[in-house]
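Here are my notes for your first look at this entry. Keep the sequence and the 3D view side by side as you read.

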Amino acid sequence: MLGMVYKVVEQLFAKKSTNYFPSKYILKDTVDTLKKGAVRPPVAVKEGFRGRLEYNVESCTGCGLCSKVCPANAIELYPAAINDKKTKRIVIYLSRCTYCQECVTICPKNSIQITSHFFMADYNKYDVSLVVGFEHRQKYEIKEEGSPDVQKEGD
Ligand code: SF4
Ligand code: SF4
């Protein structure tokens, strides 16, 4: 019995041997350890790899073609005001994206690009890090009655 109590107390104060997975929670000493070993972040990927999407709000015209072709309903068009002009801009919900690249192909302004970045895990699928264009939406969106901020769990 005493041995068990000792073991429990010992475990309570023992150094953790695991880390949270999403890379933003990786402890600095873990990254340092990885850098010393064979795995050197960022990890190289093969040519043509489809990772995180990037969005250029400056070149986007708000035409909405990308949201029309998206088979996963991952792109949302919202009303925006830029330089005192009413227009539209997009946000991309990476948690729904299938990385088919249809939006990249159809965009007449090359405003959406595929990158090789693949560390995208998070506990909340609507976390800011998983909604591409979130910060632009905060800046440019014209609030209309009933318009949601960022879609919520279950949407
Ligand atoms: S890559 Fe495909 S699924 Fe992802 S946002 Fe673009 S069109 Fe939608
Ligand atoms: S990202 Fe491209 S396709 Fe989508 S709204 Fe902007 S200009 Fe149009």
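1. Start with the overall fold. This is a predicted model. The protein chain has 5 helices and 5 strands. Along the sequence they follow the pattern α-α-β-α-β-β-α-β-β-α.

2. Next, burial and contacts. The protein chain has 155 residues, and 14% of them count as buried. Now take the contacts between residues at least 6 apart in sequence: 71% of these join residues at least 24 apart.

3. Look at ligand 1. How many residues surround ligand 1? The count is 14. The closest are Cys70, Cys97, Cys100, Glu102 and Cys103. By class, this shell holds 11 nonpolar, 2 polar and 1 charged residues.

4. Move on to ligand 2. Its surroundings include the stretch Cys60, Thr61, Gly62, Cys63, Gly64, Leu65 and Cys66. Ile90, Cys107, Lys109, Ser111 and Ile112 also belong to the shell around ligand 2. By class, that shell has 7 nonpolar, 4 polar and 1 charged residues.

5. Now pick out one residue, His136. It lies in helix H5, which covers residues 134-140. Is His136 buried or exposed? His136 counts as buried, because it has 20 C-beta neighbours inside 10 Å, and 20 or more is the cut-off for buried.

6. Finally, see what His136 meets. Set aside its neighbours within four places in sequence, and His136 is in contact with Val57 and Arg89. His136 and Asn56 are 80 residues apart in sequence. In space, their C-alpha atoms are 9.8 Å apart.

Note on methods: Residues are numbered from 1 along each chain as its sequence is written. Chains are lettered from A and ligands numbered from 1 in the order in which they are written. This is a predicted model: local features need pLDDT of at least 70, side-chain atom pairs count only at pLDDT 80 or more; totals for chains, interfaces and linings use all residues. A residue is near a molecule or strand if its C-beta atom, placed from the backbone, lies within 6 Å of it. Ala, Val, Leu, Ile, Met, Phe, Trp, Tyr, Cys and Pro count as nonpolar, Asp, Glu, Lys and Arg as charged, and the others, Gly among them, as polar. Helices (H or I, at least four residues) and strands (E, at least two) are DSSP runs, numbered from the N terminus. A residue is buried if 20 or more other C-beta atoms lie within 10 Å of its own, exposed if 12 or fewer, and partly exposed in between; C-beta atoms are placed from the backbone. Two residues are in contact if their C-beta atoms, placed from the backbone, lie within 7 Å.
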